[in-house]
Amino acid sequence: MDSVQSSQTSMAKKARVEVAHPMLAMMGMLIGGFVGMFSETSLNIALPQLMAQLGVTTATVQWLVTGYMLMVGIVLPLSSIITKWFTTRQVILFALLDFMVGAIISASAPGFGVLLFGRMIQGIATGLILPLMFTVAMQIFPPYKLGAAMGMVGLVIMFAPAVGPTLAGIVLGIASWRWIFWLFVPFLIIAFIFAVLSLKNIAEVSRPKVDFASILLSTVGFGSLVVGVSLASDHGWGSATVIAALVVGIIVLAWYTHRQLTMPNPILNLRAFAIPGFRIGASLVMINFGIILSAMYLLPMYIQKGLLIPVALTGIIMFPGGVMNAVVSAVSGRMYDHVGARMPARIGFIISMVGALMLAFTSTHSAVWYVILAHVILMIGAPLAMSPSQTYGLNSLTGPIAADGSAIMNTLQQIVGAIATAIATSLLGIGQAAYITSGANHAAGAFVNGAHYGFFFTLALAVAGFLLALRIPKANR
């Protein structure tokens with residue numbers, strides 16, 4: 001009996017794949033993941049400067065955000081099949097090189113088209129690195145260290161978007177927007193060196209059959225949907241081009257969904273949505289991501305073009321909210337263990353409503369402290385609801401399908417984030433046009449009026465999230 005217990009204890013202390021220095025093996029991915037998540041929010045603060053220097057409209061420049069997230073969303077569901085065809089080292093080293101190439105292309109771009117191309121290349125790398133960070137950590141750390149390891153990975157994902165606007169604001173205060181991308185390169189080189197020296201392969205290459213039809217349908221369906229919503233900013237929702245893109249997107253995604261539900265080994269196992277708990281949890285996560293992305297897109301531009309505050313100071317104004325986002329994200333995950341998802345989700349969405357409503361009533365003369373307070377309140381509410389909702393959804397899955405839950409959530413939240421940003425851009429344009437049509441001729445006032453339309457969309461998402469959170473059952477204790 002003692003020998004059996006001793007054997008079990010010994011097994012509990014061992015990782016599934018033993019690596020001499022697990023932290024060094026993770027370092028390349030952690031740095032790459034940080035740069036990827038930093039890139040997702042850091043460019044928002046540079047959009048007004050990019051519009052002026054590249055001579056593009058708000059509707060056009062938002063593609064630097066939506067295009068990046070679209071590529072992340074397309075690549076994420078393919079990460080599982082990719083890791084079965086290529087070794088861990090090959091995937092990560094390719095992703096880091098890919099990000100470096102994309103950053104260099106963006107930094108040296110002569111015009112908007114090349115800059116967008118570089119951003120989309122970077123999105124491919126982020127879509128490859130993010131899921132592998134969790135997978136590798138699960139394999140190379142022993143069970144008794146896994147909690148700390150996963151917390152470290154989560155902190156990277158939370159902290160990078162929090163400090164992104166602030167660091168980018170400082171860079172823009174002393175140099176051009178190109179240096180945001182040049183700043184990525186030395187960190188990516190360091191990450192590449194760590195990966196070459198320390199990263200080991202953690203899975204066998206089995207090379208299963210690839211369903212290229214599903215990959216094509218996913219790319220065309222999600223791409224058409226995001227393109228349709230994005231083009232509405234310039235052409236209007238009644239445009240034939242916009243309607244055609246949306247119809248194609250919906251039809252292709254319906255085809256893609258049917259194919260995934262009928263295949264024995266789907267790329268994205270959408271059967272998980274048949275489980276009510278996962279359906280509610282995943283929907284709450286997507287709504288929450290829409291809240292954060294729409295607000296983070298609109299707020300830096302409102303501060304610069306509505307309040308006429310310099311870009312470096314804009315980053316400092318957004319710093320308290322970013323830090324609060326990271327802090328609450330770290331704490332809210334533990335709340336699920338004590339009270340479940342019901343209470344944090346409901347309270348989080350109520351707080352988000354307050355923050356979004358405060359932002360919707362800003363003006364060209366709003367005090368800086370008021371804007372900071374509204375942002376902080378929003379960044380308390382959204383992450384308070386996020387982690388418990390995510391845990392509730394994933395815990396609703398059992399058996400083999402449980403492994404697909406995280407991939408579904410990560411993929412769809414990136415797509416929803418891109419769509420939410422595009423809708424916010426469209427509403428921003430509608431609000432500006434309405435202000436000008438009324439006879440007023442004040443650029444800052446027109447932008448603030450447009451921002452109000454966008455912030456009311458953020459508010460509507462928060463209300464929808466709260467109503468859906470009412471369906472979370474009381475936790476059984």
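**Reading a predicted helical model**

Tutor: In this predicted model, the side chains of D211 and R259 meet in a salt bridge, with 2.9 Å from N to O.

Student: What makes the meeting of D211 and R259 a salt bridge?

Tutor: The term asks for a side-chain nitrogen of Lys or Arg within 4 Å of a carboxyl oxygen of Asp or Glu, and the N to O distance for D211 and R259 is 2.9 Å, so the pair meets the cut-off. By this rule the count comes to 1 salt bridge.

Student: Which parts of the chain does the pair D211 and R259 tie together?

Tutor: D211 lies in the loop between α10 and α11, whereas R259 belongs to helix α12 (residues 240–262), so the pair ties together parts that are 48 residues apart in sequence.

Student: Why is D211 called buried, and what is R259 called?

Tutor: Buried means under 20% relative accessible area, and D211 has 15%, so the word buried applies to D211. R259 has 28%, which lies between the 20% and 50% limits, and therefore R259 is called partly exposed.

Student: How do you know that the length of helix α11 agrees with what a helix should span?

Tutor: At 1.5 Å a residue, the 24 residues of α11 (residues 212–235) should span 34 Å, and because the end C-alpha atoms are 33 Å apart, the two values agree. After α11 comes G236, whose phi is positive, near 90 degrees.

Student: What makes α2 mostly covered?

Tutor: Of the 21 residues in α2, 17 are buried, while for the chain of 477 residues the buried share is 56%.

Student: Why can I193 belong to a patch on the surface?

Tutor: A patch takes residues with over 30% relative accessible area, and I193, which is partly exposed, has 45%, so I193 passes that limit. I193 sits in helix α10 (residues 178–198), and together with I189, V196 and L197 it forms a nonpolar patch with about 350 Å² of accessible area.

Student: How many helices and strands does the chain have?

Tutor: The chain has 18 helices and 0 strands, and among its contacts between residues at least 6 apart in sequence, 82% join residues at least 24 apart.

Key
Residues are numbered from 1 along each chain as its sequence is written. This is a predicted model: local features need pLDDT of at least 70, side-chain atom pairs count only at pLDDT 80 or more; totals for chains, interfaces and linings use all residues. Side-chain values use heavy atoms; hydrogens and water are left out. Helices (H or I, at least four residues) and strands (E, at least two) are DSSP runs, numbered from the N terminus. Buried means under 20% relative accessible area, exposed over 50%, partly exposed in between (1.4 Å probe, protein chains only). Contact means heavy atoms within 4.5 Å. Patches are made of residues with over 30% relative accessible area and no salt bridge: like charges are joined within 9 Å, nonpolar side chains (Val, Leu, Ile, Met, Phe, Trp, Tyr) within 5 Å. Accessible areas come from the Shrake-Rupley method with a 1.4 Å probe; for residues, only the protein chains shown count as cover. The expected span of a helix is 1.5 Å times one less than its number of residues.
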